[in-house]
Amino acid sequence: MVTIRKAKQTDCPAMMALIQELAVYEKAPDAVTVSMEEFVESGFGSLPVWGAFVAERHGEIIGLSLFYIRYSTWKGRRLYLEDLIVTENERGNGIGKKLLDQTITYAKEQNYSGMLWQVLDWNQPAINFYKKYQADFDGEWLNVTLNFSDR
């Protein structure tokens, strides 16, 4: 039995382990530079900037959906899905669907105008998963990043 629930501060180490697992899967194992202190503070401190749902089985965190509010001058408040992660040996068991469905429900309850996220163009399993939701894939916009430090 898998439970989907709102993340708690004590979940942060398990969530960071999933984030690191994702970085390895995405062929960027050294790209995760955020400290545990920054991660905890930014999610559970005095001014939290992200929220999350976790998938838990028998007390073990096996998946997460991490998100934050994004504002569009054209569309208003939208939910940005930063990461949807299911640990490798649990993929294909419907856990990602449960997490994404809960996140969609939350976005609708908050009256956000929609959700958006990114997927790597080579990640065909994820692309196929998102196509089941009839998500729109935008080939027009390019990602732009400005890094201030590598921490």
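Asp-101 and Lys-97 form a salt bridge, with their closest N and O atoms 2.7 Å apart. The model is predicted. A search of the whole structure finds five salt bridges. Among the other topics here are the packing of α1 on α2, the buried residue Gly-43 and two non-glycine residues with positive phi, His-58 and Asn-111.

**The Asp-101 to Lys-97 pair**

- Both partners sit in helix α3, four residues apart, so about one helical turn separates Asp-101 from Lys-97.
- An α-helix has 3.6 residues a turn, so residues three or four places apart point the same way.
- Asp-101 is partly exposed, at a relative accessible area of 27%.
- Lys-97 is also partly exposed, with a value of 44%.

- Arg-5 pairs with Glu-56, and their closest N and O atoms are 3.1 Å apart.
- This pair links distant parts of the chain.
- Arg-5 and Glu-56 are both buried.
- Asp-11 lies in the loop between β1 (3-6) and α1 (12-25).
- Asp-11 has a relative accessible area of 6%. That is under 20%, so Asp-11 counts as buried.
- Beyond neighbours within four places in sequence, Asp-11 is in contact with Arg-5, Lys-6, Val-54 and Ile-61.

**The Glu-90 to Arg-57 bridge**

- Glu-90 forms a salt bridge with Arg-57, the closest N and O atoms lying 2.6 Å apart.
- Glu-90 is in the loop between β4 (76-86) and α3 (95-109), whereas Arg-57 is in strand β2, so the bridge ties together parts 33 residues apart in sequence.
- Glu-90 is buried, with a relative accessible area of 12%.
- Arg-57 is partly exposed, at 22%.

**Packing of α1 on α2**

- Helix α2 covers residues 36-44. Its axis is 11 Å from that of α1, and the two helices pack at an angle of about 115°.
- Angles of 65 to 115 degrees count as roughly perpendicular, and α1 and α2 are therefore placed in that class.
- The crossing of α1 and α2 is right-handed.
- From α1, the contact takes in Cys-12, Pro-13, Met-15, Met-16 and Ile-19. From α2, it takes in Met-36, Phe-39, Val-40 and Phe-44.
- By class, this contact has nine nonpolar residues, with no polar and no charged ones.

**The buried side of α2 and Gly-43**

- The buried residues of α2 are Phe-39, Val-40, Ser-42 and Gly-43.
- These buried residues pack against α1 and β3.
- Phe-39 and Val-40 are among the α2 residues that meet α1.
- Gly-43 is located in helix α2. Its relative accessible area is 8%, and Gly-43 is buried.
- Leaving out neighbours within four places in sequence, Gly-43 is in contact with Pro-48 and Trp-50.
- Gly-43 and Lys-8 are 35 residues apart in sequence. In space, their C-alpha atoms are 9.1 Å apart.

- His-58 is not a glycine, yet has a positive phi of about 55°.
- His-58 is found in the loop between β2 and β3 (60-72).
- At a relative accessible area of 77%, His-58 is exposed.
- Asn-111 has a positive phi of about 60°, and it too is not a glycine.
- Asn-111 is found in the loop between α3 and β5 (115-117).
- Asn-111 has a relative accessibility of 63%. Exposed means over 50%, so Asn-111 counts as exposed.

Definitions and conventions: Residues numbered from 1 in each chain as written. Predicted model: local features only at pLDDT ≥ 70, side-chain atom pairs only at ≥ 80, totals over all residues. Heavy atoms only, no water. Buried < 20%, exposed > 50% of the residue type's maximum accessible area, 1.4 Å probe, protein only. Contact = heavy atoms within 4.5 Å. Axes fitted to C-alpha atoms, helices over the stretch in contact; angles between N-to-C directions. Parallel < 35°, antiparallel > 145°, perpendicular 65-115°, else oblique. Left-handed = near helix turned anticlockwise from the far one by under 90°. Nonpolar A, V, L, I, M, F, W, Y, C, P; charged D, E, K, R; others polar. Salt bridge = Lys/Arg side-chain N within 4 Å of Asp/Glu carboxyl O.
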